[in-house]
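The paragraphs below walk through one protein model, beginning with a single loop residue and moving from there to sheets and helices. Please keep the sequence and the structure in view while reading.

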Amino acid sequence: MDANKKIMIIDDEADLTQMIGFQFKSKGFEVQTAGDGVEGLSKVHEFLPDLIILDMNMPRMGGIEFYSKICGLNGRPMFPVLVLTARANVQGLFKDLEIDGFMTKPFEIDQLIAQAELIIKNRSKASSKASKGLPERPCRICIVENNQKIFDQVSGIFLNADYTVIPAKSGAAGIEKMMEEVPDAALVQLGLEDIAGDIIIYRLSQMAKTMDVKFLLYTSRDFTHDRQVMERISIKTGVFTFVEYTVLEDLLVRVKQLF
């Protein structure tokens with residue numbers, strides 16, 4: 001990582017901020033810190049960070065308000081943002097913010113630095129989206145499905161086809177598991193109870209760590225939704241394949257077509 005890369009850390013826990021800052025400085029980063037969003041705003045446009053590490057819960061101005069104040073007219077932040085959050089806040093985080101990454105507290109400092117370096121690297125150059133073939137090891141697929149019966153059936157289909165299955169019974173669980181163990185592909189149900197499947201896919205596709213995952217958004221033909229809207233979103237964004245299945249085996253066929 002280039003020595004001139006800039007990190008801004010915004011967190012009201014002084015000891016944590018000092019420790020994180022020290023570790024980044026030891027890796028050659030230039031570091032600026034702030035104890036809350038107000039102080040962060042007073043420094044960010046002069047410092048021009050390559051990445052902001054942002055805590056959510058702070059006095060005077062918290063992470064959500066700070067985030068909104070650094071967003072441009074397109075609704076996206078003017079600087080890359082990696083959020084520090086409690087595990088319970090993951091659902092709201094993915095519904096409300098367009099961020100580059102997140103870490104749930106408590107975390108390992110080496111993991112934070114690695115994710116920060118990856119975000120900066122992928123923001124500094126165009127990410128290669130070249131098509132990749134199936135890896136030599138068993139293909140890892142994350143299945144995000146809250147219906148236990150359907151989950152068991154889909155998992156069985158992929159396990160019998162020699163895939164390694166990463167299970168997730170909710171949207172929030174799927175996000176957390178894919179950030180911990182990045183899969184080769186992800187099957188995400190459209191009508192999840194906690195977070196809509198298309199939101200999960202779009203957010204993860206914008207994150208450095210998971211942007212190369214092959215996403216497939218699926219639902220049954222009996223599910224009520226606007227098919228044309230979903231297909232337009234899929235074509236426009238290019239970040240996922242939308243599938244209406246008649247039988248669950250259709251999902252295996254479509255996943256194989258992604259590689």
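Arg 60 is exposed, with a relative accessible area of 63%, where exposed means over 50%, buried under 20% and partly exposed in between, computed with a 1.4 Å probe on protein chains only. The model is a predicted one, in which local features need pLDDT of at least 70 and side-chain atom pairs count only at pLDDT 80 or more, while totals for chains, interfaces and linings use all residues. Residues are numbered from 1 along each chain as its sequence is written, and side-chain values use heavy atoms, with hydrogens and water left out.

Arg 60 sits in the loop between strand E3 (51-55) and helix H3 (63-69); helices (H or I, at least four residues) and strands (E, at least two) are DSSP runs, numbered from the N terminus. Although Arg 60 is not a glycine, its phi is positive, at about 65°. Asp 162, in the loop between H6 and strand E7 (164-168), likewise has a positive phi, near 70°, and counts as exposed at 59% relative accessibility. For context, most residues other than glycine have a negative phi, and most peptide bonds are trans. The peptide bond from Lys 105 to Pro 106 is cis, with omega near -5°, and Pro 106 is found in the loop between strand E5 (101-104) and helix H5 (109-124).

Strands E3 and E5 belong to an open sheet of 5 strands, in the order E2-E1-E3-E4-E5 and with parallel pairing, two strands being paired if DSSP finds at least two bridges between them. The edge strands, each pairing on one side only, are E2 (30-34) and E5, and the twist averages 15° from one strand to the next. Within this sheet, 4 bridges join E3 to the parallel strand E4 (residues 81-85), and Ile 52 stands opposite Val 81 in E4. Gln 115, which lies in helix H5, is buried, with a relative accessible area of 7%; its C-alpha atom is separated by 7.6 Å from that of Gly 101, 14 residues away along the chain.

Which residues of strand E9 point one way, and which the other? Lys 214, Leu 216, Tyr 218 and Ser 220 point one way, Phe 215, Leu 217 and Thr 219 point the other way, and all are buried. In a regular strand the side chains alternate between the two faces of the sheet. Strand E8 (residues 185-189) runs parallel to E9 and is joined to it by 5 bridges, with Phe 215 in E9 as the bridge partner of Ala 186. From E8 the chain crosses through helix H8 (residues 197-205) to E9 in a right-handed β-α-β crossover, meaning that, with the strands pointing away from the viewer, the path from the first strand over the helix to the second runs clockwise.

Two further places concern helices. Helix H6 (residues 148-160) and helix H10 (residues 249-257) pack at an angle of about 45°, with their axes 9 Å apart. That angle makes H6 oblique to H10, since angles under 35 degrees count as roughly parallel, over 145 as roughly antiparallel, 65 to 115 as roughly perpendicular and the rest as oblique. In helix H7 (residues 171-180), the buried residues are Gly 171, Gly 174, Ile 175, Glu 176, Met 178 and Met 179.

Technical notes: Axes fitted to C-alpha atoms, helices over the stretch in contact; angles between N-to-C directions.
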